[in-house]
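Dear colleague,

I am passing on the structure we talked about, with the sequence alongside. Please open it first, and then read the notes below with the model in view.

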Amino acid sequence: MAFLKSRERTKERFSLLLLDLEEYYFEQHTAYFVITCSKKDRKVRGSLKVCSRSIIFDPDDLTEPIIKIPLRDCQRIQFVERESNPFNDPRPSSIFISCVQVIFIKESNVIAPYRNERGEKRICFQLEVCSKTEDVVHTFLQLHRASRLDKLGDQTAMIAANLQSRLARSSFDKNCFQSVAEKPHMECAVERVTPLVSNPGHVCITDQNLYFQPLNGYPEQVIQIKLHGVRRIYKRRHGLRPLGLEVFCSENDFCSDIYLKFYNTADRDEIYYYIATFLENHVTEHTAESYMLQWQRGHLSNYEYLLHLNNLADRSCNDLSQYPVFPWVLEDYSSKQLDLTNPSTFRDLSRPVGALNQERLNRLLARYRGMPDPPFMYGSHYSSPGYVLFYLVRVAPEHMLCVQNGRYDHADRMFNSVGETWKNCLEGATDFKELIPEFYGSDSSFLENKLSLDLGRRQNGSSVGDVVLPPWASDSADFLQKHRTALESHFVSEHLHEWIDLVFGFKQRGSEAVAAHNVFHPLTYEGGIDCDSIQDPDQRIAMLTQILEFGQTPKQLFTSPHPQRITARLHNITHSPSATSPLSELSPASHSEDSSFEDLTEESRKLVWSNMGNLKLVCSQKIHKEAVTGVAVSRDGSSIFSTSQDSTLKMFSRELKDFQRSVSFSNMALSSCLLLAEGQTVVCSSWDNNVYFYSVPFGRRQDTLMGHDDAVSRVCWFDERLYTASWDSTVKVWRCPADSSSNHKRSQFDLLSELEHDAGVNTISLSAAGTLLVSGCKDGTVSIWDTSSFSALQQVHCHSGNIHHTAFSPDSRHVLSVGADCCMKVVDVQTGMVISSVKADEEQRCFCWDGSWVLAGGQSGDLLLWDLISNTVTKRIPAHSGAVTTMWMNELCSSVITGGDDRQTKFWKICS
């Protein structure tokens with residue numbers, strides 16, 4: 001399973017897990033354990049391991065136990081020279097150890113609790129290479145002195161000095177390079193981190209590979225990772241300090257290929273940025289916001305999204321104090337059938353585990369109110385090394401024995417039943433744990449005692465075996481499959497953002513955490529304490545150990561409410577029209593009486609956008625004398641209207657391929673145009689502060705609206721309402737009565753509201769239903785308005801200069817804006833959060849988008865197809881010789897018209 005991917009896979013019985021926590025394995029020597037018998041000494045051949053706090057002997061004979069002698073329990077370590085007696089067999093040099101405790105591990109080659117023998121003992125080892133005996137004894141004596149020091153801080157410092165001396169005297173063996181042509185870039189001392197273990201050595205990075213060579217040669221002489229195979233890299237906090245680096249060669253696996261701890265941040269950062277240059281798209285660093293957008297749009301499952309958030313929040317399967325955390329999503333573990341359509345089947349994801357039981361919460365709150373500062377509600381965390389191994393003991397027994405000093409936990413406190421564990425999390429006074437990713441994976445071995453481990457007997461006399469599953473699960477594989485289905489269910493998809501707010505988001509800290517009953521011990525939070533500021537080494541180590549064993553709250557990724565997921569719609573159709581059908585029609589849509597038309601349109605859009613890179617030029621016309629500013633198309637697609645800075649409105653016939661009319665309302669530029677629903681009237685905005693109505697049937701100006709004190713920049717129309725944006729810092733909403741819509745002269749314009757802004761308004765756009773309006777200002781502010789109450793819902797300063805264009809996504813959940821700062825920003829309508837930000841190489845002046853893909857017109861004159869999921873340009877299409885200033889797309893997204901600074905209007909269609 002994924003948890004064990006990073007374990008040293010070797011046939012040896014020896015494991016670094018046999019060491020104490022924070023202990024190092026330095027070197028090994030082939031040796032004999034001499035057992036004194038009455039007749040003749042018996043010698044057991046094996047490997048003698050020199051460790052920072054113990055001496056370990058690993059016999060070759062698998063029936064013999066591994067022997068561990070803690071250095072602190074040694075009374076004397078003695079070197080005895082070789083004896084040459086002519087009357088007896090010569091006796092080789094020996095190491096004699098007098099101690100008061102010996103630990104026997106894996107007796108009869110079985111993973112089981114360790115057996116400790118106490119009492120005075122005298123143990124003898126003889127090295128196969130006798131000449132090294134005196135040096136080994138000298139090393140033992142040095143480490144023995146460290147282990148006998150009174151203060152833990154002094155012990156740690158002396159061992160660290162020994163380690164650094166060893167690292168300084170060695171270097172990476174460049175004979176291990178895969179190619180003689182490789183060019184080394186950097187080498188430094190590091191530690192490879194695996195669960196509960198740190199193994200020191202040297203890292204070397206070349207122009208082709210990343211290498212790690214352990215100081216002790218265990219479990220292999222060198223580990224190699226091809227740089228072109230790296231898919232993701234993350235900087236990590238390790239031991240609360242920014243020293244970690246984790247490298248992944250896969251996209252979605254939550255266990256990495258290597259996790260390195262550096263001795264200084266500068267070395268870590270240099271290697272991080274060097275590896276980043278080899279990543280696809282040359283350092284495209286994913287952010288929480290970019291993953292959020294993918295998840296919202298359905299490109300990531302709930303499981304994948306949670307894995308990515310855990311990764312970004314410093315959670316790693318190599319660090320049990322920061323292991324990935326997943327939520328309990330069900331609360332029904334007793335029914336025979338699991339009903340995922342019933343909301344009562346699910347856990348309330350808006351509350352932390354500790355707040356799910358109101359009676360228990362009341363007791364915790366009473367204690368909280370009486371606490372001195374800083375108070376906390378929960379005395380234990382939802383994720384800690386002990387909880388991780390509680391779930392995984394059946395597949396990681398040696399890890400449990402390492403943490404528990406060679407013992408398993410009491411049988412009744414083991415992970416015996418899913419239902420019992422959930423019940424205890426609801427009712428236990430100090431049990432608030434969440435789950436781990438394995439509960440939603442595909443490997444069920446952690447639920448089964450496949451290793452036949454003797455995990456003890458419970459008070460009822462039953463042995464601890466496989467985990468007892470809910471009645472609705474036929475076996476462990478079925479349990480995981482249904483559990484994963486529950487995680488991806490409609491209910492969880494709609495509410496998962498609430499749990500994210502608690503664990504990774506704005507309810508993690510501060511007043512929002514207090515209101516959500518989500519306050520843990522202050523030491524669990526990032527930045528809760530600076531261990532380096534504690535002068536006393538003993539206190540510093542004790543504090544660090546307490547924090548690591550207690551568990552840590554993830555890094556906070558969001559500081560405002562997390563948007564809800566866009567849940568998938570059920571479509572009434574099984575197929576869509578072919579994307580290869582003729583696409584030359586410019587009409588917005590060809591409506592059908594079929595009730596499935598809306599779904600058909602949506603499916604067609606998806607197909608067309610997937611082929612948007614095949615956009616081909618049909619024809620171009622140069623009918624204006626200045627830059628084109630707006631385009632509108634008649635309902636049947638026969639007539640195209642365009643406005644320009646040359647102050648003219650022009651009407652172009654698609655059939656005749658020539659312009660038919662040219663109208664000038666003033667000597668000032670026209671800034672935009674639109675065609676009203678009845679197709680009889682064109683509305684134009686002008687820099688002369690006016691809005692003009694042009695009657696198509698009568699061929700003349702129908703009316704003039706004089707409502708602003710500065711240039712009118714953009715107009716929108718919906719359901720008898722006209723919205724006008726102006727550089728006078730307002731957007732005005734006008735009502736145009738329906739009974740006057742067909743008249744030669746419009747009878748009245750009623751001002752319904754005036755939406756005030758702090759700067760001139762460059763652009764506005766309405767949502768598909770007309771219930772929301774977005775405006776973009778010269779100061780870089782995007783504002784979202786409710787068109788029924790005319791109140792501002794969100795005001796987000798997301799650009800550093802002029803905003804050129806804004807528009808809602810088709811589902812109205814997001815707003816995209818482009819500005820003079822060359823940035824494209826996606827804002828979540830519900831929360832006002834900027835969930836995606838892309839810095840382009842040039843200004844994007846106008847665009848059309850479907851929520852995931854953007855067809856943008858650039859300052860250079862090119863059309864750029866952007867994938868907002870990866871924040872990359874997938875296609876660049878040469879279009880105009882100057883900036884693309886306006887863009888129109890029909891409802892089926894199959895035809896596009898662009899206008900530019902080069903005075904040209906171009907017609908495009910998609911070809912398969």
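**What the model shows**

Of the 912 residues of the protein, 57% count as buried, and please keep in mind throughout that this is a predicted model. The C-alpha atoms fill a box of roughly 130 × 65 × 55 Å along the principal axes, and the chain contains 14 helices and 42 strands. Among contacts between residues at least 6 apart in sequence, 57% join residues at least 24 apart.

On confidence, the average pLDDT of the protein is 88, and 91% of the residues score at least 70. Where pLDDT is low, the predicted coordinates should not be read in detail.

**Helix packing**

Two helix pairs are described here. The axes of α4 (residues 288-296) and α5 (residues 302-312) come within 10 Å and cross at roughly 175°, which means that α4 is roughly antiparallel to α5. On the α4 side the contact is made by Ala288, Tyr291, Met292 and Trp295, which meet Asn302, Tyr305, His308, Leu309 and Leu312 of α5. By class, the residues of this contact between α4 and α5 are 7 nonpolar and 2 polar, with no charged residue.

The other pair is α2 (residues 152-168) with α13, whose axes are 7 Å apart at an angle of about 85°, so α2 is roughly perpendicular to α13. Here Leu152, Gly153, Asp154 and Thr156 of α2 meet Pro537, Asp538 and Ile541 of α13, and the contact of α2 with α13 divides into 3 nonpolar, 2 polar and 2 charged residues. Helix α13 itself covers residues 537-550, and its 14 residues reach 20 Å from the first C-alpha to the last, close to the 20 Å expected at 1.5 Å a residue. Just after α13 comes Gly551, with a positive phi of about 110°.

**Loops and backbone details**

Gly505 belongs to the loop between α11 (490-503) and α12 (510-515), and because its relative accessibility is 0%, Gly505 counts as buried. Apart from neighbours within four places in sequence, Gly505 is in contact with Ile500, Gln556 and Phe558.

One joins Tyr218 and Pro219, with omega at about 0°, and Pro219 sits in the loop between β10 (209-214) and β11 (223-226). Another joins Asp373 and Pro374, with omega at about -10°, and Pro374 sits in the loop between α6 (358-369) and α7 (385-392).

Finally, Ser729 has a positive phi of about 75° although it is not a glycine; Ser729 lies in the loop between β25 (721-726) and β26 (730-735) and, at 16% relative accessibility, counts as buried. Cys893, likewise a residue other than glycine, has a positive phi near 60°. Cys893 is placed in the loop between β40 (884-889) and β41 (895-900), and with a relative accessibility of 7% Cys893 counts as buried.

How values were computed: Residues are numbered from 1 along each chain as its sequence is written. This is a predicted model: local features need pLDDT of at least 70, side-chain atom pairs count only at pLDDT 80 or more; totals for chains, interfaces and linings use all residues. Side-chain values use heavy atoms; hydrogens and water are left out. Helices (H or I, at least four residues) and strands (E, at least two) are DSSP runs, numbered from the N terminus. Buried means under 20% relative accessible area, exposed over 50%, partly exposed in between (1.4 Å probe, protein chains only). Contact means heavy atoms within 4.5 Å. The expected span of a helix is 1.5 Å times one less than its number of residues. Axes are lines fitted to C-alpha atoms, for helices over the stretch in contact, and angles run from 0 to 180 degrees between N-to-C directions. Angles under 35 degrees count as roughly parallel, over 145 as roughly antiparallel, 65 to 115 as roughly perpendicular and the rest as oblique. Ala, Val, Leu, Ile, Met, Phe, Trp, Tyr, Cys and Pro count as nonpolar, Asp, Glu, Lys and Arg as charged, and the others, Gly among them, as polar. pLDDT is the predictor's confidence in each residue, from 0 to 100.
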